Amino acid sequence: MTMECGHMATQASGSVVMRYGDTVVLVAATKENRIREGIDFLPLMVDYQEMSYAVGRIPGSFFRREIGRPSEKETLTSRLIDRPIRPLFPEKYRFETQVTATVLSVDLDNEPDVIALTGASAALHISPVPFGGPVAAVRVGRIDGGLVINPSIRQLEKSDLNLVVAGSREAVVMVEGGASFLSEADMIEAIDFAHRAILPIIDAQDRLMRMVGVNKELPPEVVKDSELLDAVIRAATDEMRAVMTTPDKMVRRDRKRALKEKVLADLAEAFPDRKKEIDNALDEIEKTTVRRMMVEDRRRIDGRRFDEVRPISIDVGLLPRTHGSAMFRRGETQVLAVVTLGSSSDEQKIEALAGETFKSFMLHYNFPAYSVGEVKPLRGPGRREIGHGALAERAVKTVLPEDGSFPYTIRVVSEVLESNGSSSMATVCGASLALMDAGVPLKDSVAGIAMGLIKEDEDFIILSDILGDEDHLGDMDFKVTGNEQGITALQMDIKISGITREVLTRALEQARAGRVHILGRMRDALPAPRPELSPYAPRVITIQINPDKIRDVIGPGGKVIRSIVAETGAKIDIDDSGRVVVMSPDKEACDRAIDRIRKLTEEPEVGQLYMSRIVRVTDFGAFAEILPNVEGLIHISQLEHHRVKKVTDVVNEGDQVLVKVIEIDKDGRIRLSRKAALEKPEDK
């Protein structure tokens with residue numbers, strides 16, 4: 001891996017060209033010198049874009065350029081870059097900042113995503129921005145039990161682990177990936193292995209920074225009015241504890257709003273026009289109160305034990321006309337998962353740098369505003385929805401049937417109806433149940449749980465099944481999916497400088513216990529996939545034909561296949577390998593279509609009898625059509641058991657004749673016999 005700067009994008013605040021093999025990514029970090037007033041968040045934009053020219057292709061869009069919304073891969077990679085760098089900006093940093101990663105060249109062997117993440121850190125590190133890095137990332141695979149750093153795309157196909165780990169010199173700061181039921185111990189070993197590989201990349205960024213000789217800006221000074229803060233503490237602390245021990249989310253929200261209005265009214269005269277500062281002080285008191293309550297009093301917001309999962313309720317098969325459905329509720333988080341089964345023509349076509357691919361399993365996550373009691377216009381899915389859907393999809397995909405044994409395109413839609421933390425993990429549980437309700441032969445159930453962390457000095461607390469407020473006020477959001485055998489997906493975001501192996505081990509052990517508890521409740525509701533598909537699900541039959549016969553099924557201009565569809569009502573898909581998929585809600589329609597296709601593609605067999613039609617007569621014999629577009633020769637000597645002087649004495653054009661195939665030569669020529677199909681007359 002090489003990183004260099006100074007000859008591309010030099011007007012950006014910091015830019016690097018990352019190269020790994022023949023994969024090249026330009027990453028530019030730019031900061032405006034204007035402070036964005038009136039906001040209480042970090043104004044950071046991260047954009048990752050893949051250019052078609054990177055693999056020598058012209059875009060397939062109508063305009064022949066990269067336009068419109070970013071692809072799902074670009075969105076997920078933008079999130080992947082954003083998550084580890086965002087916590088490293090100083091408190092109260094309000095300068096508009098953008099990180100743009102552009103893929104310039106791809107060798108189709110080395111993935112550009114982890115290179116772009118490392119490049120984002122390097123670009124910020126050599127810029128004047130007061131960035132608290134550097135960080136770096138690697139991908140870890142496991143092939144035949146051996147761990148591999150940054151495996152090639154071909155190696156990943158044989159790997160039972162695909163994990164991206166980002167870290168600083170001191171600790172791991174982000175984990176994202178999937179696995180094939182990897183144990184907790186193996187997962188910790190992989191993360192440790194990745195962190196050791198990250199350290200030389202951190203050293204390289206430090207060397208580059210020293211070579212550039214950049215002068216870093218000082219972080220913004222955080223000035224706190226102690227008089228105002230003390231006044232807010234006196235006015236709010238006692239009641240804040242009562243508010244933050246209210247189990248019901250909506251009641252807690254209303255009580256928190258009422259407390260804020262009361263404090264603002266009480267302090268309006270002493271601190272006029274200081275509403276924003278009072279709001280910020282109340283947020284600090286809320287965070288301090290909850291964290292102290294957990295560390296000192298060992299109490300959570302809703303009174304649960306630290307390792308306790310909220311009450312679970314499950315309903316399956318509740319929608320009458322869908323192909324499969326399940327409602328999963330955990331505490332105040334409720335998800336409705338719905339399954340739809342389709343044919344191969346319903347697969348999602350994906351245009352990526354590696355070329356066109358087709359996706360037969362899709363999981364889509366929707367998060368409407370009413371799920372959190374808010375009013376917002378309906379829009380398309382944002383980065384959050386795409387990210388949560390991809391995580392749940394990765395978690396469930398591992399247990400789907402393989403090798404084409406279930407010839408359906410599968411779409412799962414997760415509708416989040418209520419949310420108070422961990423809706424993505426509820427989606428995993430709901431999707432698993434809905435697929436089983438649809439009769440999809442899953443290998444096993446999959447459950448997910450979100451873990452939290454409260455760390456004060458050397459003391460730390462691991463929280464199972466976190467609430468929304470515990471996520472917001474805590475130090476970690478750690479999502480783990482799988483079953484008793486192991487882990488299928490993992491996503492960890494750290495809001496502090498990093499976590500140690502001890503914290504990670506404890507979190508994974510506690511997550512496993514919670515996951516097993518949830519799986520028990522899921523199996524009580526639906527222990528195995530339904531033995532039959534929904535009566536409203538389409539029936540799919542797959543057969544294999546000789547690829548040379550595809551043209552016979554399609555016919556000139558598609559005439560034959562259209563007639564089969566019109567006659568039977570079935571939907572027919574044929575690929576270049578000769579795989580034919582016939583789909584219809586009516587099984588009899590499928591059978592009729594299959595029968596027609598078999599007749600069109602049947603191959604003649606030696607020894608078989610066929611009712612043929614004479615299509616041409618010659619002096620030496622007659623040509624007979626035994627199958628559509630398949631002819632053979634009945635030699636004059638094979639017409640009768642006695643000597644025939646003239647062919648037309650026995651058969652004429654258009655006659656229906658029973659014949660037997662007696663030979664197919666190496667050139668495919670077929671010899672037929674009418675004589676062999678007739679009973680031999682008794683000897684005189």
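Modeller: Let us start with the cavities. The second largest cavity holds about 30 Å³ of space. Bear in mind that this is a predicted model.

Colleague: Which residues line the second largest cavity?

Modeller: Arg83, Pro84, Pro87, Leu88, Val173, Ile494 and Ile496 line it.

Colleague: What makes a residue part of the lining?

Modeller: It needs an atom within 4 Å of a cavity point. The seven residues named for the second largest cavity are Arg83, Pro84, Pro87, Leu88, Val173, Ile494 and Ile496, so each has such an atom.

Colleague: What lines the largest cavity?

Modeller: Tyr20, Asn110, Glu111, Val114, Ile115, Arg139, Asn150 and Pro151 do. The division there is four nonpolar, two polar and two charged. About 60 Å³ of space lies in that cavity.

Colleague: Why is Ser52 called buried?

Modeller: Buried means under 20% relative accessible area. Ser52 has 10%, so the term applies. Ser52 lies in the loop between β4 (44-50) and α1 (72-85).

Colleague: What does Ser52 contact, leaving aside neighbours within four places in sequence?

Modeller: Arg57, Ile58, Pro59, Glu66 and Leu353. Contact means heavy atoms within 4.5 Å, so each of these five has a heavy atom within that distance of one in Ser52.

Colleague: How do you know that Ala122 is buried?

Modeller: Its relative accessible area is 1%, and the cut-off is under 20%, so Ala122 is buried. Ala122 has its place in helix α2 (residues 113-125). It touches Met3, Val16 and Gln205, not counting residues up to four places away in sequence.

Colleague: Why is strand β23 called mostly covered?

Modeller: β23 spans residues 579-584, and five of its six residues are buried. Those five are therefore under 20% relative accessible area.

Colleague: What makes β21 and β23 a pair?

Modeller: Pairing takes at least two bridges. Six bridges join β21 (residues 539-544) to β23, so they pair, and they run antiparallel. Ile541 stands opposite Val582 in β23.

Colleague: How do you know that β22 and β23 pair?

Modeller: They share four bridges, against a requirement of at least two, so they pair in the antiparallel sense. Lys571 in this pairing stands opposite Met583 in β23. The two strands form a hairpin with four residues between them. Gly578 in the turn has a positive phi of about 95°.

Colleague: What makes β7 and β18 edge strands?

Modeller: The open sheet has the order β7-β6-β8-β9-β20-β19-β17-β18, with antiparallel pairing. β7 (146-149) and β18 (459-464) each pair on one side only. The twist averages 20° from one strand to the next.

Colleague: How many bridges pair β9 with β20?

Modeller: Six join β9 (residues 172-182) and β20 (residues 486-494) in the antiparallel sense. Met174 stands opposite Asp493 in β20.

Colleague: Which strands does helix α11 lie across?

Modeller: Helix α11 (residues 501-525) lies across β17, β18, β19 and β20, running at about 145° to β17. Helix α9 (residues 423-437) lies across β17 (447-456) and β19 (476-483), at about 160° to β17.

Notes
Residues are numbered from 1 along each chain as its sequence is written. This is a predicted model: local features need pLDDT of at least 70, side-chain atom pairs count only at pLDDT 80 or more; totals for chains, interfaces and linings use all residues. Side-chain values use heavy atoms; hydrogens and water are left out. Buried means under 20% relative accessible area, exposed over 50%, partly exposed in between (1.4 Å probe, protein chains only). On a 1 Å grid over the protein atoms alone, a cavity is a set of points where a 1.4 Å probe fits but cannot get out, and a pocket is an open set with protein on both sides within 12 Å along at least five of seven lines; lining residues have an atom within 4 Å of a point. Grid points are joined across faces, edges and corners, and a volume is the space filled by probe spheres set on the points. Ala, Val, Leu, Ile, Met, Phe, Trp, Tyr, Cys and Pro count as nonpolar, Asp, Glu, Lys and Arg as charged, and the others, Gly among them, as polar. Axes are lines fitted to C-alpha atoms, for helices over the stretch in contact, and angles run from 0 to 180 degrees between N-to-C directions.
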